[in-house]
Structures are given as C-alpha cells and as structure tokens.
Amino acid sequence: MENTAPATQSTSPATEDVTPAMEGTSPAGATDFDVTSDWHVASPYEFLRRLRHERPVFHSEHLGAYVLTRHADVRAAYADPRRFSSEGSLTISRSLAAETRKVLGDHGSFLSSFVANVDPPTHTRLRRSVSRAFTPRAVTAMEQRFRRLNEEVLDRVAPQGGADFVAELGHEPSAKLTARFIGVPEEDEEFVKEHVKDWFMLFLSPQPPDRQLVLARSFLTYLDYVDKLVASRVAEPRDDFTSLMTGLIGTELSHREVVELISTILLGGNDTVPNQLGNSVLRLLREGAWPPAPELIQNAVEECMRIDGSSLGSFRYALTDIDLHGVTIPKGSLVLLSTDSAAHDETVFPSPESFDPRRQNADAHMTFGYGIHFCVGAALARLQLRTALEVLGERLPGLRLVPGMRITYRKSIVGRGLPSLLVEW
Ligand code: HEM
C-alpha cells in the first residue's frame, strides 16, 4: 500500500515508506478503525478525514466506542467533564481475559485513583497535590540536568557512527531524569524500564490471553516495587517527588493514591516523552529539516506533536445521553476523543498533512489534552523535547536515517511510538 499523505513520504529515495504492505484493510477503504493494521497508527489520516466530513460522531465496533474527530468537538468534550467523565477512562482493561483479571485481583481496575482517571471533586484534590511538584521554577531547574544527561549519552554513543535512536539515544535521558525526580535509585532504572513497558502493553494495547498473564505478573512485581519505595520515603523522606507526595499522606492523599501516582509518572517518563522524541526526529529527518534551526526548535516541537503526536486521544464515558450532529451517544458509552484527528483538522490547520515548523498555530494541537486534565507534565515534556533536539542537532548535525529501513509503529489504541529507529551520522 502506498502512503497517500504527501507530507509523510520519505525524503530519502532509499528509505522505504512508512506504511508497510497491508492485508485486509487500508485507510482508503476502511469502514472502521483497525488496531491490528499498521495504518491505524502510521497513517490513518485519509480515514479520519472521511469521518470528520461524513460521520463526525462515529460508532466504532472495533474499539467499542464512539469516536469524535473534529477539533471543535474534541475540545468541547474535554471542556465538559460533567457530561464526558474520566472515571475509569484509563482502565482499558475490558479486553483482559478472566484468568488475567484473577491474577490482577484488586489491581484489575488499577489506576482507579490516578489523577487522570477520576472526576471532580477527587480530581481537584489530586491535581492540586501533583501540581506542587511542577511549578515553572521546578521545571526550569531540570533543564541543565537534562542537557547533561543527553550529553553523557552522546559522549558514549557518538563514536559508534550509528545507533538505534529509540534504544540507544532517545530513551535514556528522559528515563533517568524521571527516575531522579521520583527518587528511584540508579541501579533500579533498568528494572523500572522493563516493567513499565509491560504495564503499558497490558492495559493500553490488546494482547492475547497467555501474553496478558505474563504482563500481569510483571505489572504486579512493579507495583510491589513502587509500594516499597513509597513506604521507604514515609519512613525516611528525601529531597524527591515521592517524599513530597508521601508528606501529604493522611492530609491530602492516601497511600494508594501516592503509589498510583508514582507508578504512572514513571511510566510517563519512560514512555511518552521518548516516544514523542522518536516521532519528532523521524519527522525532521524525513522532511530534510535536520538539524533543526535553533530559532525554530520551539515551534518545530509543537508541529511535530501536532503531526505525529505520541498520544492519539483520550477516552471518556458519557454521563448522560449526548446528542451531537444528529447522533445520540447513549449514557454509559465509551467515547474516544481523537486528538490525532483534531490535529489534522483542515478547518484549524490548513494543509494538515504538510509539515511546517513555522506554522502559526501549531500549538493548537491537543496532544497534551485540554481542560481540567491538561497534562500536568506538559512544560517538562516540552522542555525535554526542545533540549534533546538542541543537543542532538549540535552534536549530530549529519544525522540521517539508515537507507532501506522499514518503519513500523507499536500497535496501540492511544499511543504512537516507534519500537526502533535506525540512524547513522
Ligand atoms: C510528550 C509527552 C506527553 C504527552 C503526549 C502527554 C499526554 C497527556 C495527555 C493527553 C493527558 C490528558 C489525559 C486525559 O485527559 O485523559 C495527560 C495527562 C497527564 N500527564 Fe501527560 N503527557 C506527556 C508527558 C508527561 C510527563 C513528562 C508527565 C510527568 C512527569 C506527565 C504527567 C501527566 C499527568 C499526571 C496527567 C494527569 C493530569 C490530570 O488528570 O489532571 N505527562 N498527559
């Protein structure tokens, strides 16, 4: 299948296009989402455009959800937590087999008290506590440390002349920054990395039952680890985020809330930013926009998040019957707010499939969400993306894709990330 979106064509003739040969469905002929197809994450834009024009409230049998695709509708839904509830929205465990649920026990609905998974007034209380750690001053203070972490990785890897960007360059600085921020000892970083990967796969990406069991056990091991970390900071506080949160146990937060928060923020550091960085580097290389001009980097970060966001959308539950564009979304339905589609809505972003690092309103994407649940780590994520691109551009100005490499994306409903990206310089 040829990729039909011109802006996603490779600029290198030796590099294969992003969309591999596909059987069954294609975005052109698709009548529903198809998480098992490569186009679902790599290039759904033809399909999403059709939905925006013809069926802006689409019922997906495949996802078991209604899908909103227009920018204005997605934003309005995010802004309306009284009708679009977050309660349980992250616990996409419907696909878990009975055996897996048994193994998970109490934790089958894990994340039940994570800040993104609850509504006001619980949300208001949790959000207030978390926000304490993400003041502008605290975020700015992390820049030098993050720059150094990037320099260290490059000192080690640059002499190789080539690498898997995802495994060797993009992941480590974010993971290490997050680990230090949380207070995870350096020797445990690898453990955390492996387990959060399993957790992500278990809850956010459909898996066969026997694989689910392996992932569920890994997840419980991880949870036990975080639980012990929290207990150790209760006993002996240090200068880290975990201690800041354990200091609120009994007044603002419960022990379980702190465990869920820490586990999830570690996931964020190990996954969302590295995914977005990989997507962004791939985009810049394929557009012939490497190294990015320093004065354009900030806006290029936004344009990369718009066009290749590492988050594809958020789930909500309808708290009442909702009438929209002639369709009634019945009370209790699951609704996917497709920020990926919103970011390609031609009524907001002219020529949406074109990459334009000077685009005036690039930051009108909702890859960080919108409204009361707007990503609390957005400033930190932006700082990391900008800093990483600055350092990489300075140190590896000749960065290029390995010719002939085949690009595939991890299969996920809500996340876009590359398992591997081979580069040389
Ligand atoms: C490029 C990187 C990132 C992306 C694309 C991203 C995306 C998102 C999105 C879409 C939401 C809203 C979820 C919803 O409304 O249901 C969110 C919320 C959240 N994010 Fe991020 N995130 C990123 C990085 C981070 C980082 C680095 C942290 C922390 C260190 C973080 C922590 C959180 C938290 C705690 C929430 C919940 C906020 C609330 O519910 O009030 N994120 N993020």
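I take helix axes as lines fitted to C-alpha atoms over the stretch in contact, with angles running from 0 to 180 degrees between N-to-C directions. Helices (H or I, at least four residues) and strands (E, at least two) are DSSP runs, numbered from the N terminus.

The model is predicted: local features need pLDDT of at least 70, side-chain atom pairs count only at pLDDT 80 or more, and totals for chains, interfaces and linings use all residues. Residues are numbered from 1 along each chain as its sequence is written, and side-chain values use heavy atoms, with hydrogens and water left out.

**Entry 1: H7 and H9**

I looked up helix H7 (residues 143-157) against helix H9 (residues 172-182); their axes come within 9 Å and cross at roughly 135 degrees. That makes H7 oblique to H9 (under 35 degrees is roughly parallel, over 145 roughly antiparallel, 65 to 115 roughly perpendicular, the rest oblique). The crossing is right-handed, meaning that the near helix is turned clockwise from the far one by less than a right angle.

I then listed the contacts (heavy atoms within 4.5 Å). On the H7 side they include Phe 146, Leu 149 and Val 153, and on the H9 side Pro 173, Leu 177 and Phe 181. The contact residues divide into six nonpolar, two polar and five charged. Here Ala, Val, Leu, Ile, Met, Phe, Trp, Tyr, Cys and Pro count as nonpolar, Asp, Glu, Lys and Arg as charged, and the others, Gly among them, as polar.

**Entry 2: the five-stranded sheet**

I found an open sheet of five strands in the order E1-E2-E8-E5-E3, with mixed pairing (two strands pair if DSSP finds at least two bridges between them). Strands E1 (57-60) and E3 (84-85) stand at the edges with a single partner strand each, so one side of each is left without a neighbour in the sheet.

E1 pairs with E2 (residues 65-68) in the antiparallel sense over four bridges. Val 57 stands opposite Leu 68, and Ser 60 opposite Ala 65. The hairpin of E1 and E2 has four residues between the strands, and Gly 64 takes a positive phi near 65 degrees there.

**Entry 3: the three-stranded sheet**

I also noted an open sheet in the order E4-E10-E9, with antiparallel pairing. E4 (162-164) and E9 (400-401) are its edge strands, each with a single partner strand, so one side of each is left without a neighbour in the sheet. Three bridges join E4 to E10 (residues 422-424); Ala 163 has Val 423 as its bridge partner.

**Entry 4: the iron**

Which protein donor does the iron atom of the ligand have? I find only Cys 375 (SG), at 2.3 Å. Donors are N, O and S atoms within 2.8 Å of the metal (3.2 Å for Na, K and Ca), and water is not among the atoms, so sites may look incomplete. Cys 375 is in the loop between helix H15 (339-342) and helix H16 (378-395).
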